[in-house]
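Here are my notes on the model. Please read them with the structure open.

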Amino acid sequence: MSKKIDYSTAEDDTLVRAARKGDMQAFEELVARHRDKIYARAFSMMRNEDEALDLSQEAWVKAWQRLEQFQGEASFATWMTRIVINLCLDQLRKQKRQRAESIEQLDEETGGVERQMPVITTNPTEGLERQELRKRIDRALTQLSVEHRTVLVMHEFEELEYKEIARRVGCSIGTVMSRLFYARRRMAGLLAGLKKEEWK
Amino acid sequence: MNFEQQLKLQAYLDGELSASEREEVRAWIERDAEAKALVAELTWAKSALTANEPEVKVPDSREFYWSKISREIERQERAEARTEGAAAVAWWRRWLAPMGAVAAALIVAAVIMVSDRNPQPVVAVAEQGGVGEAVSDMGAITFEDHSAGVTMVWLYSDSEI
């Protein structure tokens with residue numbers, strides 16, 4: 001006879017095992033526990049509430065279908081964020097195909113602006129309240145190009161190595177390095193409150 | 001400083017260099033103020049982000065968020081079941097006709113082979129018309145001589161009498 005699970009206190013692994021056997025209540029508990037993190041990751045990449053909601057929910061549906069593939073090498077939350085990141089990357093690729101690249105975006109891609117920016121010697125984030133800093137980061141992320149933001153999120157928030165980012169994004173390690181460099185420099189400029197005209 | 005050198009400084013910061021390269025870059029940073037300033041900027045930009053991912057929460061309630069997920073899971077499972085059923089029917093449709101034709105051909109071949117090995121009397125009678133009639137018109141007379149130990153049998157047909 002199988003043991004009854006106390007869903008609210010059970011470990012993730014226990015819930016995953018139960019969900020694999022078709023226990024939807026166990027899966028629902030996993031969703032409730034990690035939904036903010038998964039949604040936040042989708043939002044960081046897409047910068048759009050509706051898209052982030054749809055993609056995060058799609059990620060949960062995919063996770064249910066692929067539970068057998070979860071080997072437990074990483075935590076369940078990490079496994080889930082990988083799924084949602086892949087979905088976001090697919091969505092961004094679709095959008096990229098649909099939109100025409102502007103000259104400004106091409107300039108950003110090659111780093112034309114960031115390379116001319118002076119090095120910011122004083123850390124502008126020092127002394128800022130955490131909430132204020134988070135707001136500034138949030139605003140700054142919105143102002144990055146999709147390509148730069150994607151690499152930045154995958155490296156700083158997801159802590160993926162260059163090689164892994166390159167594999168997932170489908171570009172060379174060199175491209176990852178340059179995008180990350182430009183993204184960081186642009187972030188530094190945005191957090192310092194520099195305007196583009198001051199960079200030149 | 002060229003772009004390649006800038007990227008090397010970043011790789012140093014991200015721990016993506018080999019041990020020997022790391023030492024080399026560390027020495028370079030110590031003696032080059034420009035390199036030192038750039039590493040300092042990249043460092044604070046990195047740490048500001050790493051420690052302060054914007055906090056966003058799902059705008060929907062737990063129940064509402066889950067209801068969309070569970071509905072989609074159920075919808076996909078139903079669709080999958082329908083697809084599997086349709087695939088099974090399609091499989092049968094695809095193979096049933098050829099299999100039926102092969103079975104019919106095998107049955108006909110088997111009947112022919114059995115017929116060749118055991119010729120039916122009916123066929124013989126049909127092919128050798130009149131034999132059956134002749135048998136039914138025949139009679140026999142038997143003569144026995146017990147002293148001589150002889151038995152003689154005459155066969156005749158009605159037409160001969």
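1. A:Phe76 and A:Trp79 both sit in helix α4 (residues 76-98) of chain A. They are 3 residues apart, about one turn of the helix. Helices are DSSP runs of H or I, at least four residues, numbered from the N terminus.

2. This is a predicted model: local features need pLDDT of at least 70, side-chain atom pairs count only at pLDDT 80 or more, and totals for chains, interfaces and linings use all residues. Residues are numbered from 1 along each chain as its sequence is written, and side-chain values use heavy atoms, without hydrogens and water.

3. How are the rings of A:Phe70 and A:Phe76 arranged? Their centres are 5.7 Å apart and their planes stand at 85°, so the pair is edge-to-face. Rings of Phe, Tyr and Trp (its six-membered ring) pair if their centres lie within 6.5 Å; planes under 30 degrees apart count as stacked, over 60 as edge-to-face and the rest as tilted. A:Phe76 and A:Trp79 make a tilted pair, with 5.8 Å between centres and 40° between planes.

4. A:Phe76 has 2% relative accessibility, so this residue counts as buried. A:Trp79, at 16%, is buried too. Buried means under 20% relative accessible area, exposed over 50%, partly exposed in between (1.4 Å probe, protein chains only).

5. One aromatic cluster includes A:Phe70, A:Phe76, A:Trp79 and B:Trp66.

6. The interface of chain A and chain B holds 9 salt bridges. One joins the side chains of A:Glu28 and B:Arg62 (3.0 Å, N to O). The rule asks for a side-chain nitrogen of Lys or Arg within 4 Å of a carboxyl oxygen of Asp or Glu.

How values were computed
Chains are lettered from A and ligands numbered from 1 in the order in which they are written. Helices (H or I, at least four residues) and strands (E, at least two) are DSSP runs, numbered from the N terminus.
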